[in-house]
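Open the model in your viewer and keep the selection panel at hand.

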Amino acid sequence: MGVSADGSYSSQRAQGFLSLWSPSAAGHSEFRVGSRAGALQGPGATSGLLQDRDVQLSKALSYALRHGALKLGLPMRADGFVPLDALLQLPQFCGFSAEDVRRVVDTNQKQRFALQPGDPSTGPLIRANQGHSLQVPELELMPLETPQALPLTLVHGTFWRHWPSILLKGLSCRGRTHIHLAPGLPGDPGVISGIRPNCEVAVFIDGPLALADGVPFFRSANGVILTPGNADGFLLPKYFKEALQLRPTRKSLSLAGDEETERQSGPKHSARGKRMTQQ
């Protein structure tokens, strides 16, 4: 949620909603939704504005539910759920309704969020399924305790700027509670979330070896494979089976270090990769 929800945080269309970002104490960005900037003309403009609103709402939900709940004063339960009514009372969500939130939850292709009815005292509840930097001790994660329980493929997507450091030190949680893995590459059947569609390098993990060394693995409600890594929050390079360059063409990468790493450190002009975080 970086953080991020997925994608870059660029300014939207002139007819959309203005978004402002301010740094938070946790190192993430706080999302604020502003006011309408222009009038609509025609059904196409209406559809475009709705999409813009939904993207903004998804990003605002990601920040609040993954990273900012405590700072924003939201009463988050141990399982990560917060009352939807309390969320919508925040200034960041002015102009959004419970119906808007339900639409974003239902249509989010990566199934980032979950809603439940709650009880009369709380009303509907919402949470992020994974990606937290906040500690959520009772998040519904399924332990994967045997090699047979792990997916046959475990892959982490990253960008060229991070590859030399990853190759030398391993994958890190980078401020989140878990390292994110997917059961395949972007676009593969069954891959809903856990890997960015625009990642440039794929690192394949030897899950059974890591599991045998005591590294735990879990599956989130939306199918992301999560691991906290070792005691220092790293998944060490000894668990890397192979690495694959994904862009501009696919080819195998060496797992050697030093000079070989420098030679294969990727296109120097990858501006989008530079803006993105490892996760």
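Contact here means heavy atoms within 4.5 Å. This is a predicted model, in which local features need pLDDT of at least 70, side-chain atom pairs count only at pLDDT 80 or more, and totals for chains, interfaces and linings use all residues. Residues are numbered from 1 along each chain as its sequence is written, and side-chain values use heavy atoms, with hydrogens and water left out.

**Stop 1: Asn129**

Select Asn129. Look for it in the loop between strand S5 (125-128) and strand S6 (142-143). Helices (H or I, at least four residues) and strands (E, at least two) are DSSP runs, numbered from the N terminus.

Is Asn129 buried or exposed? It is buried, at a relative accessible area of 6%. Buried means under 20% relative accessible area, exposed over 50%, and partly exposed in between (1.4 Å probe, protein chains only).

Now show its surroundings. Leaving aside residues up to four places away in sequence, Asn129 touches Gln111, Arg112, Phe113, Ala114, Leu139, Ser220, Ala221 and Asn222.

**Stop 2: Gly95 and helix H3**

Go to Gly95, in the loop between helix H2 (84-88) and H3. Gly95 counts as exposed, at 57% relative accessibility. It touches Arg53 and Asp100, not counting residues up to four places away in sequence.

**Stop 3**

Select S7, S10, S14 and S15. They form an open sheet of 4 strands in the order S7-S10-S14-S15, with antiparallel pairing. Two strands pair if DSSP finds at least two bridges between them.

Which strands stand at the edges? S7 (155-158) and S15 (251-253) do; each has a single partner strand, so one side of each is left without a neighbour in the sheet. On average, neighbouring strands of this sheet are turned by 30 degrees against each other, direction ignored.

Finish on S7 and S10 (residues 201-205). The two run antiparallel, joined by 4 bridges. Pick His156: opposite it, in S10, stands Val203.

How values were computed
Axes fitted to C-alpha atoms, helices over the stretch in contact; angles between N-to-C directions.
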